[in-house]
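Open the model in your viewer and keep the selection tool at hand. We will go from stop to stop, with a note on what to select and what to look for.

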Amino acid sequence: MTLAVFLARGALPASLARTLLRFALQGLLLTGACAAWAVEWQLVPGPAAQAPSQAEFLRALQDLGQATPDEPAANAGVRTRGVRAAGAGRVTLALGAEAARAALARDPAEPLLLALLSRQDYDALPAAPRSAARVAVLLRDTAPAEQLKLVDALLPGRRRLGLVVTAGSETLLRELQQAAEADGRGWSLQVATAADPLALGPALREVLPRSDVLVLLPDAIGTSQAATLAVLRAAAAAGVPVIGSGEGPVRSGALAASTSSPAQLARRAHALGERLLARGGPAAPLLEWAPVAQVRINPHVARSLDLRLPSEQALTQRLAVPPGGS
């Protein structure tokens, strides 16, 4: 089932479906050569109610599919001419954890892109089918290593990073530990483990006094509004700035976060689709974190902490991955 057919079947709200279907129909008017160069996306139906970020992602991906041969491709550092010469093909696209599980259950023979997953979503997927086809995974969060870069850019010299984690945070914590060791700037991770994402008091009381900055990972705490608010309230009372795992925590009281827009994620997905088509056969999954598209700062929090920070624009220019970069 192509994207246009899926939309026509009414799985999205009517107004959104009409808009996306119009984009799909416009794509049919392109020249035959252009159509031969594009990735044909087959969408795996997910939940009936799509998140706004997923709808924006689909709109941006549809727009990318309508580029003409003379337009520069927005890719993650790959040579699309070689991919196109090999011939276009169909890539199955699954958005979110539920659609990813459904796609893997089919044991697909076609290339498969799992997009807009958290790292914990990916770790929870069935392991057996992962190598059965050409598979790529595009996570919705930026890598924990990007949080280190942001702390260094915002608060140079602050090296004690506080983290409150749960039992399910092992992979993310390991990623951050490895990045801190590789960075070589003397980071010190102060870690406290909470038994439950909604029972954080003891862990916060343990970790805040020995932290210069608190880091919210995109785990069960960082992706829960209630848990995030508990962390932000405790950190504000202690006068400790918080680096978030997305734009939501910044709006709620975190000092800053590196984020990736749905449009930027769509560009990376488009590039991953072409890379999948260029692969010769089954192989280990391609796993990519979301690229940094912009830096967000909460100016009210910065003023309350008496911090003079670079502008969002300056930080974005310094830290963001350029379009087409890796």
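Select K149 to begin: at 44% relative accessibility, this residue counts as partly exposed, the class between buried (under 20% relative accessible area) and exposed (over 50%), calculated with a 1.4 Å probe on protein chains only. Because they are three residues apart in helix α8, about one helical turn separates E146 from K149.

A word on the model before moving on: it is predicted, so local features need pLDDT of at least 70 and side-chain atom pairs count only at pLDDT 80 or more, while totals for chains, interfaces and linings use all residues. Numbering starts from 1 along each chain as its sequence is written, and side-chain values use heavy atoms, with hydrogens and water left out.

**Helix α8 as a whole**

Nine of the eleven residues of α8 are buried, so the helix is largely enclosed by the rest of the structure. The buried ones are P144, E146, Q147, L148, L150, V151, D152, A153 and L154. Helices here are DSSP runs of H or I with at least four residues, strands are runs of E with at least two, and both are numbered from the N terminus. Zoom out and you can count 15 helices and eleven strands in the chain.

R185 is partly exposed at 45% relative accessibility, and D183 is partly exposed at 32%.

Next, select E206 and R210, whose side chains meet in a salt bridge at 2.9 Å, N to O. Both ends are partly exposed: E206 has a relative accessible area of 43% and R210 one of 26%. A search of the whole structure finds 14 salt bridges.

**Into the cores**

Which residues have the most contacts inside the largest nonpolar core? Select L114, L117, L154 and L255, which hold that place in a core of 44 residues. A nonpolar core is a set of buried Ala, Val, Leu, Ile, Met, Phe, Trp, Tyr and Cys residues joined through side-chain atoms within 4.5 Å. A second, separate core of 23 residues includes L58, L95, A115 and L265. In soluble globular proteins, nonpolar side chains tend to be buried together.

Stay with L265, found in helix α13 and buried at 4% relative accessibility. Draw a distance from its C-alpha atom to that of A115: the pair is 150 residues apart along the chain, yet the separation is 8.6 Å. Leaving aside neighbours within four places in sequence, L265 is in contact (heavy atoms within 4.5 Å) with residues including F57, L116, L138 and P291.

Then step to S118, in the loop between β3 (112–117) and α7 (119–123). S118 is buried, with a relative accessible area of 4%. Not counting residues up to four places away in sequence, S118 touches L139, R140 and D141.

**The largest pocket**

The largest pocket has a volume of about 900 Å³. Of the 30 residues that line this pocket, select S53, R140, D141, G246 and E247, the closest to its centre. On a 1 Å grid over the protein atoms alone, a pocket is an open set of points where a 1.4 Å probe fits, with protein on both sides within 12 Å along at least five of seven lines; lining residues have an atom within 4 Å of a point. Its volume is the space filled by probe spheres set on the points, which are joined across faces, edges and corners.

Now color by element: the largest share of the lining, five residues, comes from α12. Among the others that each supply at least two are α4 (52–64), β4 (135–142) and α13 (262–278).

Conventions. Salt bridge = Lys/Arg side-chain N within 4 Å of Asp/Glu carboxyl O.
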